[in-house]
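Me: I have a model open and some terms to sort out. Can we go through them one by one?

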Amino acid sequence: MGEIEQRPTPGSRLGAPENSGISTLEHGQKPPPTPSGKLMSVRIQMLDDTQEAFEVPQRAPGKVLLDAVCSHLNLVEGDYFGLEFPDHKKITVWLDLLKPIVKQIRRPKHVIVKFVVKFFPPDHTQLQEELTRYLFALQVKQDLAQGRLTCSDTSAALLISHIVQSEIGDFDEASDREHLAKNKYIPQQDALEDKIVEFHHNHIGQTPAESDFQLLEIARRLEMYGIRLHPAKDREGTKINLAVANTGILVFQGFTKINAFNWAKVRKLSFKRKRFLIKLRPDVNSSYQDTLEFLMASRDFCKSFWKICVEHHAFFRLFEEPKPKPKPVLFSRGSSFRFSGRTQKQVLDYVKEGGHKKVQFERKHSKIHSIGSLATQPTETNSEVPKQAQQSASLTFGEGAASLGGQSCQPGRDPTASAEERGPQRNPAPQRSPAGSTKADGAGRAETEDEEEVVKDRTQQSRPRPPQPSTGSLTGSPHLSELSINSQGGATNTILSPNLSPDAKQASPLVSPLLNDQVGPRTDDEDDGRRKRFPTDKAYFIAKEVSTTERTYLKDLEVITSWFQSTVSKEDSMPETLKSLIFPNFEPLHKFHTNFLKEIEQRLALWEGRSNAHIRGDYQRIGDVMLKNIQGMKHLAAHLWKHSEALEALETGIRGSRRLESLCRDFELQKVCYLSLNTFLLRPLHRLMHYKQVLERLCKHHPPSHADFRDCRAALAEITEMVAQLHGTMIKMENFQKLHELKKDLIGVDNLVIPGREFIRLGSLSKLSGKGLQQRMFFLFNDVLLYTSRGLTASNQFKVHGQLPLYGMTMEESEDEWGVPHCLTLRGQRQSIVVAASSRSEMEKWVEDIQMAIDLAEKSSGPAPEFLASSPPDSKSPEEAAGDQESEDDLSASRTSLERQAPHRGNTMVHVCWHRNTSVSMVDFSVAVENQLSGNLLRKFKNSNGWQKLWVVFTNFCLFFYKSHQDSHPLASLPLLGYSLTIPSESEDIHKDYVFKLHFKSHVYYFRAESEYTFERWMEVIRSATSSASRAHVLSHKESHVY
C-alpha cells in the first residue's frame, strides 16, 4: 500500500547540500552543480505554446530541469509551477523532482514536456510578481480554450474581454471583431462575440498587467479554476471525478462539485492497487464514514492522483518542506514519495524578506496575435529610461509592448510594498522592495500585509501606445483588494455581472493594480509660474470645499439613482414596493443638489475673477447661496426621513430573497460602488452634518460686521435645526448599517442584527493557544465578544471560532502570569481566553471598551442569546484554552454558511485591521463620517522627482484616488489605519509649501495642497483616520442609540 512517507535522497544521506531551486538564487547566480555525464535534450512547451530545448545530464533529478526552466524565464516564484508529460502508458504525470529524469522520460526525443501551473493559490493576490501573474493568466487562457475551465457565458465573455484588452489594447469595435475572428479563445466563441465586445468597451485604459489581474480575479471565483479532473467511481459504482485543490480533495459529478473533504478533516491518504482511500478524523456531527473509498481506472492512475494530493497538502498546509524519514535497513513498506521544494509559506516569506533581486522583463507587443517565447534576454543595468518613456503618460505596465520576451526589461515589483510607492521607480536596475508582514497560522498560510492597500488603477490613456519598457507590476491586493477588492475601500472591485469588470480593490485591499506615477499630468517647477492665481481669502477656500465635496456627494447619489437603479431595472429581483421606497426618495435630492452645485460653481467663478463682477466685490461670499439652498432642503425633509426606512426595508428584502441578495452583492463588486451599498443610503444624512461644519467655520472666520456673516449665521441656524431633528435616526441607522456590514464579513454566525445590539469595536488581537499566539479578529458588541479567524476560503470572510457573553465576565491584565506583553485574561461564565494586543495603546483601547461593554451588559436584563450558528458550550479553563488546537480552515464548522461561497469584498475595514494588526471602534466610525473631504492634491513618491495632480476623496478611513472629479470610479485607494502623518523634514529635500507626508513602514507618500487652509483641512481629516478618537469626546455630543 502506498502511504505518505518521507525518504531521504541519496545526496542528503551522504550530507550533500540540498539544491534549493533557482527561485532562491540571487540574479546572476548559477544553480548548484548537477551530476556530470551524458546530456539529454528535453523539449519544453511553454505556456505561450512556444517550445524550448534544454540539455540536462541524464542522471540529474527532475528538479534540475525545472530549475533550468525557471532560470531561463527569470521566474522567482517557480514553486507554483511544474512539468507534466505523458509516461510510457500515455498517462499524464508530473515530473518527480527527486527522481532521475532518465528514469521518468524514457524517450525524450519523442516526448514534449509541458511547463504549466501546478499549484493554484486560493487568492491570486498571493502571487507577488507580475511575471507570475502573467503566466497564470496564460494558463487560464489555455484552460478556457481546452474546455477545462467551464463557466457561464457571461463569465466566459468577461474573461475573454480581459484577454483581448491585454493583447490588442483599448476598445475599437472593428479591431475587436477582426481579432476575435483570427483567435479562438473558447469553443462556440461566435455566439459570445457581441458580449465580449461589449465588455471590452469597459476596459479602456486598462494595462496588460491590470488585465491579467482582473482575469485572475474572475477566474479564481469559478468552481473549475485550477481543477484537473481524475475519473473514478464511488462504492456504489457511480461515475464521479476527483480533484485536489488548495483546500482539500473535491468530488465532482460531471462539472458540478458535490462534495469536499477539507485538509483539516483528512487524517490519512493512501492507495491500494486501484483503490484511493481517504481516512477522516472522527466527527460526531458528520454523517461521513471513517474511511472513504474510490475506485480508479488503474493503479498508475490511482498513484498519480495520490502523489498530487500529497504535494498539494504539503505545499499549502505545511510551514516547511517535510524532512525525509530514515531509510529502513531491511524492509520498506509503501511509497517513498514525498513533496520536494518550498511550501507556499516559505515562498511568501522569501519574497517578503526581499531575499532576491527583482528580474526585469518586458512583454512582447500585445497586438501580435501569437505571444512569443517566454525567454528573457540578459538585462541591462542602465540607470535611465529613454526619454520617450518618461514623456508618455500612457506607458504604464509596458502596455503595447507587453510580453515576457524582449530585450529591454523591467524589474518585477514586490506586492507587499505599496503600489503607489512602486509607481515612479523607473530605474530599470533591480531594486529591493519594502516587505510587508506575513501572517502564518495553523494552516501554514501566509498573507501579504498590504494586500488590501490598493484598489484599482486605470491610468492608461486610449491613444495608441508605442512599445515601451514596463514600468512596474501589480500589487497583491487591498489592498485591500480590487480593493479589494468591491475588492473596495482599499484595495480588490470584482465584477461578475454584465457591464462589470472585476476590480482588485483588494485588494486589497486590503491590496491589486497599482496607482502609477502616470496617473495625471506631471507638474514640475515650471508649472508653478504658470499656475493660476486664486483669491487668498480663507472664506474662498471654505467655499471651494463646499464645491469639491458637493461633487463627490453628487457622485455618491448617482450610485443609487443611476447605477443601482439601472442594475435593478435589468432584473426582476426587487419588489416594486422597495423600488418605490428607495428611488423616488433619492431622485429629488439628486436633482436639487445638481442645481445647488451649479450655483456654487458659478459663484466661485465670479469670486475668482472670471468676470468683471468681482471688481464690485458683490460675489466674494457664499452665505447667501448656502442660506437659499438650505431653506430649499427643508422642503426635501420628507425624503430624508424615508432613508432610514429604505435602509431597513432593503436589508429585510435581502434577508428574504436570495435573488435580491445576489443582485446587491454583485452590485457591490462594481467599481462604482467603492463603499458598501448601504453606506450610500445614509449619505444624505451625513451631508447635512458637513454643511453644518462648513457654516460653523465660516461664522468663526467672518467678523460680525462682514457682509456675509448674517447669511452664514442664518444658514447655520437652519441646518442645525435639521441635524437635530435627524440626529437620533442617524445614530441608530449608523449602528444598524455597521451591524449589517459586519454580517457580510462573518460566517458561522446567526442573528447578528437584533434589537438592542450595539457594535463597539473590532480589531486584531493574538489569542494564546497550544500553538502559541495566533492572530484572531475580535468583534466587541454591548452583549458579547466574538473571536474569529481568516480561513483558507475564497470568500475572504472571517469564520467565528467562539463567543464570550459579557454578562458576568471579568478582565485582568496577565503579562506576568503568561510572560506575554500587553496580555489580558478574559474570564467568562463558561470560557476563559488569554489575548495579547500589538501595543500598550491598543491594549488600553480594548480594556476601556471591554470594561464599558461589561458594565452595559451588567445593567441589561440578563445574558445575551445564543449567537453562533453551531457552537457547543465550552467550559475550558485558561490552561485548557491555551492548549486548544484550532484549525484555521475548519470548513465543516458551519456547512450551511460555506456550502456555496459567494464572491466577497476583500478590502473592508475588517481586512485592513487584520493586515495592519490594529483596531477601530464605532466611535472612530462616527468621527470618520463627520470628517470627509474631496479636492485636488499633488502627489509625489519617495524616489520620484515630479508631482502628479490627482482628485482625492477621503472617506471611511481611506484615500480614494481619481484621475479627475468626473471619473465614476476610483483608480486606487489607500487605507490609512496604521499610517503616521507628519510634515517632511529638511533632509527629505521637499522644497514646497503645504506638503504633508504619509508613512507606514517603508511606504512613504508626499501630498501637496494648494493653500494653507486646504493643507490644514487635509491634515485634520487624515489625522482623524490615523489616530483613534477619544470616546469621552465623542460621547459628550452624541447620545447612545441602539438598533
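**Burial and salt bridges**

Reply: D711 counts as buried, at 18% relative accessibility. This is a predicted model: local features need pLDDT of at least 70, side-chain atom pairs count only at pLDDT 80 or more, and totals for chains, interfaces and linings use all residues. Residues are numbered from 1 along each chain as its sequence is written, and side-chain values use heavy atoms, with hydrogens and water left out.

Me: Why is D711 called buried?

Reply: Buried means under 20% relative accessible area, exposed over 50%, partly exposed in between (1.4 Å probe, protein chains only). D711 has 18%, so D711 is buried.

Me: Why is R621 called partly exposed?

Reply: Its relative accessible area is 24%.

Me: What makes R621 and D711 a salt bridge?

Reply: A salt bridge needs a side-chain nitrogen of Lys or Arg within 4 Å of a carboxyl oxygen of Asp or Glu. The closest N and O atoms of R621 and D711 are 3.5 Å apart, so the pair qualifies.

Me: Why is E576 called exposed?

Reply: E576 has 55% relative accessibility. That is over 50%, so E576 is exposed.

Me: What about K579, buried or exposed?

Reply: K579 has a relative accessible area of 18%, so K579 is buried.

Me: What makes E576 and K579 a salt bridge?

Reply: Their closest N and O atoms are 3.4 Å apart. That is within 4 Å, so the pair qualifies.

Me: How many salt bridges does the structure hold?

Reply: The structure holds 40.
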